Amino acid sequence: MSRHRRLLMLSLALLSCPAIAAEPQQVANRLLDHLQAGRVAEAEAMFTPQMAQAVPAEKLGALWNSLGTLQDRGAIQVNTRQDMTLVVVPLKFASGRVNAQVAVDAQDKVAGLMLRPAAADKAPPPPADARYSEVDFSVPQARGALSGTLALPKGEGPFPAVVLVHGSGPQDRDETIGGSRPFLDVARGLAAQGIAVLRYDKRTFARPQDFANDRFTVDDETTLDAEAALASLAADPRVNRKRVFVMGHSQGGMLAPRIASRWPQARGAILWAAPARTLLELLPEQNRYLMALDGSISAPEQAFLDRLDAQIAAARSDIPAPASELPLGVPQSFWKSVEAVNARADAQALHKPLLMLHGGRDFQVPDADWVLWQKALAGRGDVQWQAYPALNHIGIAGSGPSSLQEYAQPGHVDATLIDDVATWIKAQR
């Protein structure tokens, strides 16, 4: 799911520390020097004990080597976050661009390391001969408006329309992952076929200050803004208000039935790579999958998984726990709200047409969830099923087991998936 990304980074081990490191830039550079030279043991010696346990040397070395030859380092950025110094170093590898995020504690120890696909360059404008245009579109909200883009077909409207709802974690309007922009591909592909598409920056990306009190829910993060986006899009005279759909990806797909039921004017919902289970059920499976890609799970990796299980139990407990003791450092209020979402029951209760989309190489939302969806919605004549054996979680074709490194490679959402969505929408009158 995205993030997932944030939900899936094996190297995520950001731990709260009591003070700011004295020379974090030098620490980060020294760590990268060791990794570049293949001195993995020296790199591991810079870790806090917790970090060393979470990311054993052999896994760190394998992850680094999988990126290919390091060609360049960019300008360093330093930020203070959760009482810790976070150093971001842009890296250019043979396989693509990555941002190394190094968390440094007060003892000049590395408390966390993330290697995340770098944001893509700004998307080029639509070609001059495109059958659509793009205009700025603001999603109004009492908490603060969100900026977005409306892809609008050329010709005479009003047009059927879709609101795109992101996966988990901070996401821009294009749902940018490395060099790929799934939402931009979908928006332009549908607009070229006569369907207006609204994509907007997610609140956790555009306005992180709205979550400063660590007391927020999945509705605060996603649902309320999606409802506002649907309402504002339907009010646009260029849009056919009777044919407005919600299309959710990953966590957004899990929430799509909830969103469509709360905004009853929605004509239907498209669930793309949608979990049938809760995120806390999927999180251990995702991490086990990634750790076992080399054929085995080491003792330190098993210790990490055991600790993750304990964090999940704390997130589900009625005993209050600080975010630092919970999965991904996310507050208990959020996890409680996600656990309360029953996506299959929401879809069963939603008496509107549904389009279900699933990639056969999706390790974040695997085939097991696809089977659960099919069982839950069996016998529904208003549900259409589309599975794509070669596609990964973000709709990009490939071969072999999918991995995090695959997300760093630029790609485009499969045209067949986009065409199937367009055909389905046009059939809903």
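1. Contact is taken here as heavy atoms within 4.5 Å. The model is predicted, so that local features need pLDDT of at least 70 and side-chain atom pairs count only at pLDDT 80 or more, while totals for chains, interfaces and linings use all residues. Residues are numbered from 1 along each chain as its sequence is written, and side-chain values use heavy atoms, with hydrogens and water left out.

2. Setting aside neighbours within four places in sequence, Arg-258 contacts Asp-219, Thr-223, Val-341 and Asp-346. Its side chain makes a polar contact of 3.0 Å with that of Asp-219; the term denotes a pair of N or O atoms within 3.5 Å, where within protein one must be able to donate a hydrogen and the other to accept it, and residues adjacent in sequence count only if both atoms are side-chain atoms.

3. Is Arg-258 buried or exposed? Arg-258 has 17% relative accessibility and therefore counts as buried (under 20% relative accessible area; exposed is over 50%, partly exposed in between; 1.4 Å probe, protein chains only).

4. The whole structure holds 8 aromatic pairs (rings of Phe, Tyr and Trp, the last by its six-membered ring, with centres within 6.5 Å; planes under 30 degrees apart are stacked, over 60 edge-to-face, the rest tilted). One of them joins Phe-211 and Phe-216 edge-to-face, at 5.0 Å centre to centre and 75 degrees between the planes. Phe-211 is buried at 9% relative accessible area, and Phe-216 is buried at 12% relative accessibility.

5. Phe-334 and Trp-335 also pair edge-to-face, at 5.6 Å centre to centre and 75 degrees between the planes. Both residues are buried. Phe-211, Phe-216, Phe-334 and Trp-335 belong to one aromatic cluster.
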